[in-house]
Amino acid sequence: MTENDENDAFRDSLNSFASYPRNLVHHNTFNHILEGHVDRLDKQDERLFSSEERTDVELWESGNQPSEFLSFRFNSNLQLRNHFLGVQLFANVDPQCRLMFIHADHSRAKLKVTRYMLLTAFTYHQVMAHFVDFLFSFGKQDYPKDFHFSGLYDETHLSNDQPSLSLPDLGRSGTDFKMCYNLKSVESSSSQPQFPWSVRQLAVYHSFDVITGKSFWTMIKGDALIKRRIKAATDPSRHPNLDLSSALQSFLVTLTVQLIIFDWCREQWRWYISYLEELQEITTRRALTMSFDRPAIPPSTNPPPRAATAPAGKVKRAVTQIIKRAASATGTLPPTIPLQSIPQTAPPPPEFEPDLENTKSFSFSDLQKVQSYEEKVRELLLVVGSNIKIVTAIKDYYIELVESSEFPDEIKLGSTRKIKDFKKAVLSIVNDLEMQHSRASMLLSTLTNRKGLLNGVLEYRSMEASKRFAEKAEASTREMNSMTEEMNALTQKTKQETVSMRIITLVTLFFLPGTFISTIMSTDILQYSKIPNTNDYEEDYSSAALKRYAGVALPLTALTFLAWWVLYWWVDRKQRVKALKDKIKMNKGGLVHFV
């Protein structure tokens, strides 16, 4: 492509910025991947980006002086576009170094940038399409989404056979390299006092023109920590010797910025692991030091029953008498059997019974805590491992880049010492990360073992509780059997008494008529008197006596039945009141238990 063709292609790309990354002039990505990025940006627009009223995009870029850096803040796409394009496209040359910082209120909030502002900046600097992959891990979310995704992508355009966009009017030679990656680190968090640590991520895009020395950075993070550190490292008031007048100096500044980012991804892991170790000890240390067995109740020291301590002589004589009686009945007398004294066995050694009081200090919530700590350590291992791979890959990429025959000799020769220092610093960071990775692996092993121990304690307590319940149930069963036997004996006795009562009733009924007649005959109602000088008897009936007898007997009978009825009513009412009170008490007890 000629220069005019590339200018036209770049202009067309800017006009269709809303279709980024499909509008890139040159890319090394399949079209279906670009279409997928556009679709995902459309679907997650509301979650990722803020409205224009809440935007805050800052550009930190070099000025006209070699050591000068200026800050520009934008709140609308029109302001940002005018800053990039100027009065007319291709009228202004890009600054030697430009850093764009995008952040949010916190790590799970919308980014303070609109979609059009971001796509305008990406299109103007032809940011590689793979950087969009890291964008979806940010934005509004209740819990971290796609948080474990990490990666490194790069593009190198040092030879003519590699397509690249050359825009001389903007200071872009087309001979450059690009990279994008993400790293994670742990930071203190005041928003969650129950667990004051949070793993946070940083997405970085970087391009560097090896001919003109112009560089562009985009950094996306939930807060402004990296922005403050990089601005402090490039502040002219603090670093008056900062120089960006040549490609070599710009390259050296690039390495410094990379080291600032790498140092951030390793600095707090030591203290985070120490905090997790402390939580582990607080939650599980008791399981190692407590004893869960105690001596059982010692056997009683009371003397054994008399039968067990009877003298051998008495036992011998008693047995001899029994044998002699049996022999006399059969007519034979066996010889005397010598008897030995009954041996007394020693009491068994004291046993141990489970002490469930100590196990009450453990609960299922402790097991949940240990599981949570274990998951955080696994997350830590994954994050630190990915950081090691990415930092090592970037270091290897720079070394391979500088050693390439197509890399400019000016930068290659002038950065030899800086590259060595860069390699040494990166190795130190990687060694520190590997050490923390080893600590975390050891902590994970300990947590896994302690979780098994806690689970064993809870199972032990459940098993012993079940055992005690079974013992109580067995004792209750024995008691019920004893009660059943007693009830059976009582039933048999009642049955016998019932038979006796039937016999008594039958006898009573047999004699009742005669008794009644004899009672009547013994009164003055009907009398028999002998007639003098004869063998006959004269019957004397008195109606007045009958009336007197009926007048006394019938009221007494009625009074007896009335007294029986009153007593029966009183006993029945008392039993009903007691049953009602028991029912109310049971209902109240069930209600309290339910509440």
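A salt bridge is taken here as a side-chain nitrogen of Lys or Arg within 4 Å of a carboxyl oxygen of Asp or Glu. The model is predicted, so local features need pLDDT of at least 70 and side-chain atom pairs count only at pLDDT 80 or more, while totals for chains, interfaces and linings use all residues. Residues are numbered from 1 along each chain as its sequence is written, and side-chain values use heavy atoms, with hydrogens and water left out.

The secondary structure of the protein consists of 15 helices and 11 strands. Helices (H or I, at least four residues) and strands (E, at least two) are DSSP runs, numbered from the N terminus. Of the 595 residues in the protein, 37% are buried. Buried denotes under 20% relative accessible area, exposed over 50%, and partly exposed the range in between, with a 1.4 Å probe and protein chains only. For contacts (heavy atoms within 4.5 Å), 75% of those between residues at least 6 apart in sequence join residues at least 24 apart.

Under the salt-bridge criterion, the count is 28 salt bridges. One of them pairs Arg11 with Asp8, with the closest N and O atoms 3.2 Å apart. Arg11 and Asp8 are three residues apart in helix α1 (residues 3-15), and therefore about one helical turn separates them. Arg11 has 34% relative accessibility and so counts as partly exposed. Asp8, with a relative accessible area of 39%, is also partly exposed.

A salt bridge between Arg576 and Asp572 has its closest N and O atoms 3.3 Å apart. Both residues belong to helix α15 (residues 543-594), where they are four residues apart, about one turn of the helix. Arg576 counts as exposed because its relative accessibility is 52%, whereas Asp572 is partly exposed, at 28% relative accessible area.

Asp432 and Arg266 are both buried.

Asn387 is part of helix α12 (residues 364-403). Its relative accessibility is 1%, so Asn387 counts as buried. Leaving aside residues up to four places away in sequence, Asn387 touches Leu183, Lys184, Cys265, Trp269 and Leu433.

Cys180 counts as buried because its relative accessibility is 0%. With a disulfide defined as a pair of cysteine sulfur atoms within 2.5 Å, the count is zero disulfides.

Strands β10 (residues 526-530) and β11 (residues 537-541) pair in the antiparallel sense over five bridges; pairing requires that DSSP finds at least two bridges between two strands. Ser529 stands opposite Glu538 in β11. The two strands form a hairpin with six residues between them, and Asn533 in the turn has a positive phi of about 65°.

Cavities and pockets were identified on a 1 Å grid over the protein atoms alone: a cavity is a set of points where a 1.4 Å probe fits but cannot get out, and a pocket is an open set with protein on both sides within 12 Å along at least five of seven lines. Lining residues have an atom within 4 Å of a point. Grid points are joined across faces, edges and corners, and a volume is the space filled by probe spheres set on the points.

The largest pocket holds about 590 Å³ of space. Its lining has 27 residues, of which Ser107, Arg108, Pro144, Ser198 and Val199 lie nearest the centre of the pocket. At least two residues of this lining come from each of β6 (197-209) and α12, and β6 gives the largest share, five residues.

Two cavities of 30 Å³ or more are present, and the largest cavity has a volume of about 350 Å³. This cavity is lined by 23 residues, with His125, Arg172, Asp176, Lys178 and Ser207 closest to its centre. Strands β4 (152-157), β5 (176-188), β6 and β7 (215-221) each supply at least two residues of the lining of the largest cavity. The largest share, three residues, comes from β6.
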